[in-house]
Amino acid sequence: MVYTEEQYCQKIQRIIDSGMSTGELFTDLLKKYFQPVSIFSADKDKTFNSCPFDFEIIADGVQHIVKIDLSLNSENVTKEIIEDELEELFNYVDKISAFQSVFNSPHEHESIKTTAARTIWHVLRGEKDRAADELELNLFIAGNIPDELTDGFLKRLKDSQRIVRVKLLSTEELRISSIPLPSPISQPEPLTAAPQPSASSPEPTEVSPLNSKVSESLNAFKMEFLRLSQKEIFENCVQILKDSNFFDEDINYLHVGLERIHGRTISVNGYYIDEYNNSLTLFILDQNKIDSVMNKDDRDKLFNCLINFVDFCKNSKTYRDDEPLSEHWNLGTEHGSFAYQLEKKFKQNNEFEKIHFKVITLREERTKAPRPKCIVGKSEYDFEVFDIERLFTLSTTREKFVIDFTKHPTYTINGERKQAGPLRCLAAGVDPRNGYKAYVGVMKGDQLCSIYQDYGQRVLTANVRAFLKTQGKVNKGIQVTIKDEPFNFLAFNNGICLVADEIESELSGGVVLIKKAKNLQIVNGGQTTASLLHAHKNKISLKEILVPLKLTVVPESSSTALEKESIKRDLFIQSISRFSNSQNKITDTDLGTNTEFQIKFKEESIRDVNKFQLSDGRKYEWYYERARGSYGVEKNLNSKREKLSPAAIKFDKSDLAKWIVSWELEPFNASRGAQKCYLTFSGPVNKMKIVDPSYAFITSDFYKATVAKGIFFRHLDTLIANTSWYKSNRSYKINIIEYTFALIRYVINERFGNDYTLNFRKIWDNQEDWYNIEKSKSHKRVPVIDTLAERLALHVRTVFTSDRNREKDVGELVKKPETWDDVRRNIPDLSDLLEEFRTDFCCLKNPREDFPVPLFEALKLKDPSENEDVLEA
């Protein structure tokens, strides 16, 4: 049969989907294509032995190092993407070229990577090895190769004068060469009906098949990911987790590829530290994008990569006994800085109470049984997998977490395993027609502590998170009560205030036994929670503590896509927070999504006047995600939402704060993480109501100028990501962007005066010239300002990595005002650009586009009602 290009690609995909491994399939195909002396597949150890290629082939005196990526095709492949795809191969060859010598005699069970490296080392020195005296790197893609890339291109090695040849291969070449395809692996016929399990039957181990509609959507979802680089896959998956309320803070990206050290494989793609809960979360991305199923061994090997990383940091040594991991990786890199941070913590015998290990994979996890928790040293390790099905579900619906007070959580108090029970409450007799139900009762102290340990930020509203992060005060009187008079805690303490979407309960002897609560959140009780956690850390028993509680059940609107209904509900919950009585006072500064500013800004964002139109006539709307996860819910309920507001033009309160705080010349505060940056922003913003009680300054002009700041911020992101100096050392990009963004304003003020600013209205009106909605990672070059910005960005990077800062932790350095002072010194010469920059990109300030008073000057304003209208923690 003669196949078309499309049919040939489709059959290859069917063969892979049928269960044949990529290594098995392409060993057959490439053997027929190259007719080689030898061919070796890295299929078995590619994911776990840090092998950057799929095949090593020796044919006609040439050693071919082949990487396969069938997600690339003639429609999406570019020179820049190819360079990114091949970068890992170039780094691999670069390292080999720097070796002084190699073992010439293969040892038993030697990996393909090592065997190939020995031959590469000889070939780079003009020597013949294993019948090869030339080296060629091949990237294998699907379909046809675009005309502009058919000649290939050359890249010079950093440490060698020899040239490595690069050539693209494709399935189209196989088709034209009449390379036959094998038949798919036959599958057993599906059962027409499954027998009903008897009472004694074990639970099924397989998940029932998805219906065809969901299956098609899942496949489309996966294909979207397969078009992305590993880095982009991880960042997009993390965004799904953030949108689903698993994490509120920024997750730090590391992207440390699989590396073999001292006989053990390590890798880590990102991390998150919850300082108050003393927990660490580590992420690893499964690099296998081809196979459809992840089995138990695959999963556990990935978990072990993270465990090995922690072990190396604990032991502070790698394959050289005197070299800690941070130095092996270079302290000036993000991963080296993070390793140093952990080494320092472990040296002080200050271990995390919990370490969470997370695997993200585009495969389906076949083994649904979770890896059990374990205690290692002073830390409890737990394990979680986010596979393609779960990621798809999270992206289309807002996952409701349910706390089961009768079964979950189990927890450890002073080494003793406990299990909780239902909350014992009394109904408050509120008429349900008022839109809510209320209960009063008690919760055990160790139960409250354990719920926070297990669920972390997911059970804390923004005001309580703010209290724990910025104050975390521990009342000495409460501590004395916990330690010496725990039986009096109920009498002395005002307790906590909780809100939930719904509950599961039963009535027993007039007492409401609450077994489960959906989306439970602590809206007041910061000091109580802080004090109990402090006591727990100090090994003080909480088993006799009873905490007073008030629980309000506020059902979500059945039409959550209606923003007005959502706002109404949030205002009601805000009022609960405001008027609940607890120990310590904090102001509206510490509220998150429900402040007047946030609500007014969201209302402005959905006005028709703030839609924009591209030159081809298509209309779009930037989507402001005031409440985390609302975009996914609305997209699922309203099919038009994603077309009107693609994910590339979505932003949230963390983005908003980062843009504005950076532009207001405090990039060091923007670099402190999402929550701390937001608190820096929200304090003065809430003070604005002193001069403008109704926030009337939030107009269309203000909104457009604010989003234009974000457009330019994202423009800087793609600019810096595509520079050669950043590609050679991918570290601290977000901090470089924040400092460059601030430095551009500083240059405008210094050279043109404080009355000048960037022409944000021009950026808004011409935003398709600055930002690519369809390909948000690609860069749209803007003359003059890009040259100026790149010079400033390189200057920022140079300051971060200067000799003066060589021994310092750059991750901490960027959070210090002194670093901003250093950046503003010795700014590079811009004289050849300034006049054109001022004329084309700057203008006089428009008061309608800004706050009524400069942002940080608002902190000096005195609110006459400050002592009356307060929010309890």
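This is a predicted model: local features need pLDDT of at least 70, side-chain atom pairs count only at pLDDT 80 or more; totals for chains, interfaces and linings use all residues.
Colleague: Is Asn772 buried or exposed?
Modeller: The cut-off for buried is under 20% relative accessible area. Asn772 has a relative accessibility of 16%, so this residue counts as buried.

Colleague: Which residue's side chain makes a polar contact with the side chain of Asn772?
Modeller: Not counting residues up to four places away in sequence, Asn772 touches Ser778 and Lys780. The polar contact between side chains, at 3.4 Å, is with Ser778.

Colleague: Thanks! How do H21 and H26 lie to each other?
Modeller: Helix H21 (residues 653–663) packs with helix H26 (residues 733–752), their axes 8 Å apart, at an angle of about 40 degrees. Among the residues making this contact are Trp659 and Trp663 of H21 and Phe741 and Ile748 of H26. By class, the contact has 6 nonpolar, 1 polar and 3 charged residues. Given the angle, the two helices are therefore oblique.

Colleague: And how many residues does the largest nonpolar core have?
Modeller: Nonpolar side chains tend to be buried together in soluble globular proteins. Here, Phe681 is among the residues with the most contacts inside the largest core, and the residues in contact with Phe681 include Phe597, Leu656 and Phe851. A second, separate core, which includes Leu448 and Tyr455, has 34 residues. For the largest core, the number is 84 residues.

Technical notes:
Residues are numbered from 1 along each chain as its sequence is written. Side-chain values use heavy atoms; hydrogens and water are left out. Axes are lines fitted to C-alpha atoms, for helices over the stretch in contact, and angles run from 0 to 180 degrees between N-to-C directions. Helices (H or I, at least four residues) and strands (E, at least two) are DSSP runs, numbered from the N terminus. Angles under 35 degrees count as roughly parallel, over 145 as roughly antiparallel, 65 to 115 as roughly perpendicular and the rest as oblique. Contact means heavy atoms within 4.5 Å. Ala, Val, Leu, Ile, Met, Phe, Trp, Tyr, Cys and Pro count as nonpolar, Asp, Glu, Lys and Arg as charged, and the others, Gly among them, as polar. Buried means under 20% relative accessible area, exposed over 50%, partly exposed in between (1.4 Å probe, protein chains only). A polar contact is a pair of N or O atoms within 3.5 Å; within protein, one must be able to donate a hydrogen and the other to accept it, and residues adjacent in sequence count only if both atoms are side-chain atoms. A nonpolar core is a set of buried Ala, Val, Leu, Ile, Met, Phe, Trp, Tyr and Cys residues joined through side-chain atoms within 4.5 Å.
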